[in-house]
Amino acid sequence: ELQALKTLRIGENELTGVIPTELGNLRALTSLQLYVNQFTGQIPSELGELQALKTLSFHGNELTGAIPTELGNLRALTWLQLSNNKLTSIVPTELGNLLALTKLEMRINQLTGAVPSELGHLQGMTDLYLSFNQLAGKVPTELGKLQSLIRLFLHVNDLTGSIPPEFVNLQALESLYLNGNEMTGTLPTELGKLQAMKYLSLDHSEFTGVVPTELGSLQALITLHLGNNNLTGPIPSELGKLKALKTLSMYQNQLTGAVPSELGHLQALETLSLYHNQLTGAVPSELGKLQSLETLALSSNQLTGAVPSELGKLGVNTSI
């Protein structure tokens, strides 16, 4: 009966039961937020009637079943948050109709099927969170059309195939998380053109080939996770140009050659993890210049020579 109601926000309580289908009658509603409760059952398809709705937030409940395709009718929706539930079935292709959408959050569910290529229609999208599901298939090349995208989280799924070279168009991208999938192929050199990139996480996959020297162009980069892949060849000395880098993780690959002395230029570096590779030569004395370093992991390589005395200049919290 509350036909004038525009905002319904009852998150972070201990509410139980199912979400009433009658909420679909609140045609003036612009914000529906039921997050962090104990709601069960399915998301009512009747919510697709709320044409004025801009925010729909159901995260942190115990919702089950499929995501209603009717949500694709919510043309005014800017934020759809369904994370931390027990939702199953596929990501509806109809969500590609939500042209006003800026944030789509569905992580930590049990979603299956492919990442819909139709999501590439959402030109205003800044945040896409689909991690910790059971999504399979290739990453759609159409996601390379999302030129407003800042954060792309697809990690810990069952995705295959390679990183689309079309991602070179994502010039606003700051966070790319593809780790914990079954993706293969080489790392695209085009990644070096994503100048806004701060967090690049590609570890625990099946990537092969060399580490692109072009990654040394990512001046804003804070973390680089490439561990537990099948990468070969040397560690590019160009990585020594990444002045903002705090974490460099390349453990459990098949990297060869020397540890570049240029890594000693990374004054912000806190973690350098290169263990379980095939690195040779001496430990560079230049690593002793890394005054912010807290963890230095070089075990299970083929390094030779003496431990540089300069490492004694590292901080008292450094673990080698």
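This is a predicted model: local features need pLDDT of at least 70, side-chain atom pairs count only at pLDDT 80 or more; totals for chains, interfaces and linings use all residues.

Visitor: Which residue of β16 is the bridge partner of T208?

Guide: Strand β14 and strand β16, residues 230-233, pair in the parallel sense over three bridges. The bridge partner of T208 in β16 is N230.

Visitor: Which residue of β18 is the bridge partner of T232?

Guide: Strand β16 runs parallel to strand β18, residues 254-257, and two bridges join them. Within β18, the bridge partner of T232 is Q254.

Visitor: And in β22, what is the bridge partner of T280?

Guide: Strand β20 covers residues 278-281 and pairs with β22 in the parallel sense, over two bridges. The partner of T280 in β22 is Q302.

Visitor: How many salt bridges does the structure hold, and how far apart are the closest N and O atoms of R151 and D127?

Guide: Side chains of opposite charge can pair when their charged atoms come close. The structure holds one salt bridge, and this pair links distant parts of the chain, with R151 in strand β10 (residues 151-153) and D127 in strand β8, 24 residues apart. R151 forms the salt bridge with D127, and the separation of the closest N and O atoms is 2.4 Å.

Visitor: Is D127 buried or exposed?

Guide: The cut-off for a buried residue is a relative accessible area under 20%. R151, with a relative accessible area of 26%, is partly exposed. D127 has a relative accessibility of 3%, and therefore counts as buried.

Visitor: Which residues form the nonpolar patch on the surface, and what is their accessible area together?

Guide: One member, F132, lies in the loop between β8 (127-129) and β9 (136-138), and F132 counts as partly exposed because its relative accessibility is 40%. The patch consists of I108, F132 and V156, whose accessible area together is about 220 Å².

Visitor: What is the phi of V36, and where is this residue found?

Guide: V36 is found in the loop between β2 (31-33) and β3 (55-57), and at 33% relative accessibility V36 counts as partly exposed. Although V36 is not a glycine, its phi is positive, at about 55°.

Visitor: What is the phi of H276?

Guide: H276 has its place in the loop between β19 (271-273) and β20, and with 40% relative accessibility H276 counts as partly exposed. H276 is not a glycine, yet its phi is positive, with a value of about 55°.

Visitor: Which residues does P236 touch, not counting those up to four places away in sequence?

Guide: P236 sits in the loop between β16 and β17 (247-249), and P236 counts as buried because its relative accessibility is 5%. Leaving out residues up to four places away in sequence, P236 touches V211, P212, T213 and P260.

Visitor: How far apart in space are P236 and N109?

Guide: Along the sequence, P236 and N109 are 127 residues apart. In space, taken from C-alpha to C-alpha, the distance between P236 and N109 is 38 Å.

Terms used: Residues are numbered from 1 along each chain as its sequence is written. Side-chain values use heavy atoms; hydrogens and water are left out. Two strands pair if DSSP finds at least two bridges between them. Helices (H or I, at least four residues) and strands (E, at least two) are DSSP runs, numbered from the N terminus. Patches are made of residues with over 30% relative accessible area and no salt bridge: like charges are joined within 9 Å, nonpolar side chains (Val, Leu, Ile, Met, Phe, Trp, Tyr) within 5 Å. Accessible areas come from the Shrake-Rupley method with a 1.4 Å probe; for residues, only the protein chains shown count as cover. A salt bridge is a side-chain nitrogen of Lys or Arg within 4 Å of a carboxyl oxygen of Asp or Glu. Buried means under 20% relative accessible area, exposed over 50%, partly exposed in between (1.4 Å probe, protein chains only). Contact means heavy atoms within 4.5 Å.
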